[in-house]
Amino acid sequence: MIVSEGFDKGQAGIIGTGFFFAYGAGQFVNGFLGDRISVKKMVFSGLFFSGLCNLLMAAGNGIGFMTAVWCVNGLVQSMIWSPMLRLVSEHCQDENRQKVCAALNSSVPAGTMAAYGITAVMLMYAGWRNVFLMAGGYLLAVSFVWLCGMRQVEKEPIRPAEKRFRKQRTKGRKEPDTVKLFVCLLVVLFMQGALKDSVTVWVSVYIRETYGVSAVLAIAGTIIIPLCNLSGVFFASKAGSGRMDEVKASGVFFAVCTAALAVLWGISGTGMPVSFGMLALSTTAMMAVNTLLIVALPSWYGAVGRTSSVSGLLNSAVYAGGALSTYGIGWLA
């Protein structure tokens with residue numbers, strides 16, 4: 001898009017920033033609505049209208065129009081994630097919830113990997129607009145698949161809410177200050193969004209300009225990163241079920257990310273495989289944090305009927321960080 005439409009990096013960054021900002025704001029609102037409105041209707045609406053937005057992007061011209069459409073896309077996509085966590089909380093027993101949450105979050109890197117792969121192939125034979133046409137058609141089809149699948153889920157009874165809240169890990173400890181905990185989590189997740197989502201957005205441009213490879217090759221190579229990110233979901237699942245709780249385990253993964261970025265800063269431009277490796281390691285660590293704090297932690301609030309609300313609140317901080325840094329990276333570049 002930068003090459004064919006003549007955008008500069010700052011302008012291109014505005015499109016991504018608009019999406020992340022709208023998605024984060026939508027998460028804040030739709031997270032609370034997700035505990036009150038039908039999950040089936042909310043997720044269907046998000047998928048269906050996101051499909052329409054992709055089709056509009058394929059036909060659109062100009063930064064203003066594209067940014068507006070992508071902001072709407074962010075708003076409607078924010079209707080999907082938090083209600084789905086509520087669904088997991090209502091239908092899964094405690095002993096299975098961690099595994100289900102990890103499986104659900106694995107769809108993020110898997111979907112990203114598929115998107116990069118399909119995009120790279122399509123750009124070899126068609127323009128970037130056809131990528132949005134394909135995505136729009138796919139989302140419209142999936143929205144109706146969701147309705148069919150939910151008919152089966154609705155036949156299953158909602159399990160009774162657990163009256164306890166992680167007694168096995170809070171025994172003998174002082175009850176935490178909930179307000180202070182959430183303030184700290186919001187700050188941490190702001191940084192996590194900046195390190196995971198916006199870095200992923202700009203990786204292909206960084207590789208192309210730093211190492212002089214073609215756009216198609218840079219995008220194809222970027223598939224390595226979401227493939228590695230799948231392992232972040234696995235590591236998070238193991239850490240969350242071990243001795244450490246979600247918050248402490250996230251601290252360990254932040255340390256890993258810091259080390260990877262420090263190495264990248266030192267060797268950037270000297271070797272593409274090592275640069276890819278450090279980018280993959282840093283985003284994998286952030287995917288583990290995402291699994292722990294955005295998926296696993298909110299699922300425990302199903303006992304008080306607040307899974308979607310907590311997930312939406314925390315997720316809004318993630319995408320605020322992604323919005324600021326997506327534009328910021330483009331501006332710095």
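Buried here means under 20% relative accessible area, and E90, at 19%, falls on the buried side of that cut-off. Keep that in mind for the views below, which come from a predicted model.

**View 1. E90 and R86 pair up within helix 5.** Here the side chains of E90 and R86 meet in a salt bridge, with 2.9 Å from N to O. Both partners sit in helix 5 (residues 81–91), 4 residues apart, which is about one turn of the helix. In an α-helix there are 3.6 residues a turn, so residues three or four places apart point the same way. E90 counts as buried because its relative accessibility of 19% is under 20%. R86 counts as buried too, with 17% relative accessibility.

**View 2. E154 reaches K40 across the sequence.** The salt-bridge count for this model comes to 2, and this close-up shows the pair formed by E154 and K40, whose closest N and O atoms are 3.5 Å apart. How accessible is E154? At 45% relative accessibility, E154 is partly exposed. K40 is partly exposed as well, with a relative accessible area of 22%.

View 3. F28 itself is found in helix 2 (residues 9–33). With 43% relative accessibility, F28 counts as partly exposed.

**View 4. Helix 4 and its cover.** Helix 4 runs over residues 63–77, 15 residues in total. From its first C-alpha to its last, helix 4 reaches 21 Å, close to the 21 Å expected at 1.5 Å a residue. Which residues of helix 4 are buried? They are I63, M66, T67, V69, W70, N73, G74 and V76. What covers these buried residues includes helix 2, helix 3 (39–59) and helix 8 (128–153).

**View 5. S106 in the loop between helix 6 and helix 7.** Look for S106 between helix 6 (94–105) and helix 7 (107–125). S106 is partly exposed, with a relative accessible area of 21%. A polar atom of the S106 side chain lies 2.5 Å from the backbone oxygen of A103. Leaving aside residues up to four places away in sequence, S106 touches L230 and V233. As for V142, S106 is 36 residues from it in sequence and 18 Å from it in space, C-alpha to C-alpha.

**View 6. T284, a buried residue of helix 14.** T284 lies in helix 14, which covers residues 272–299. Is T284 buried or exposed? Its relative accessibility is 8%, so T284 counts as buried. Not counting residues up to four places away in sequence, T284 touches C228, N229, S231 and G232.

Methods
Residues numbered from 1 in each chain as written. Predicted model: local features only at pLDDT ≥ 70, side-chain atom pairs only at ≥ 80, totals over all residues. Heavy atoms only, no water. Helix = DSSP H or I, 4+ residues; strand = E, 2+ residues; numbered from the N terminus. Buried < 20%, exposed > 50% of the residue type's maximum accessible area, 1.4 Å probe, protein only. Expected span 1.5 Å × (residues − 1). Contact = heavy atoms within 4.5 Å. Polar contact = N/O pair within 3.5 Å; in protein donor to acceptor, adjacent residues only side chain to side chain. Salt bridge = Lys/Arg side-chain N within 4 Å of Asp/Glu carboxyl O.
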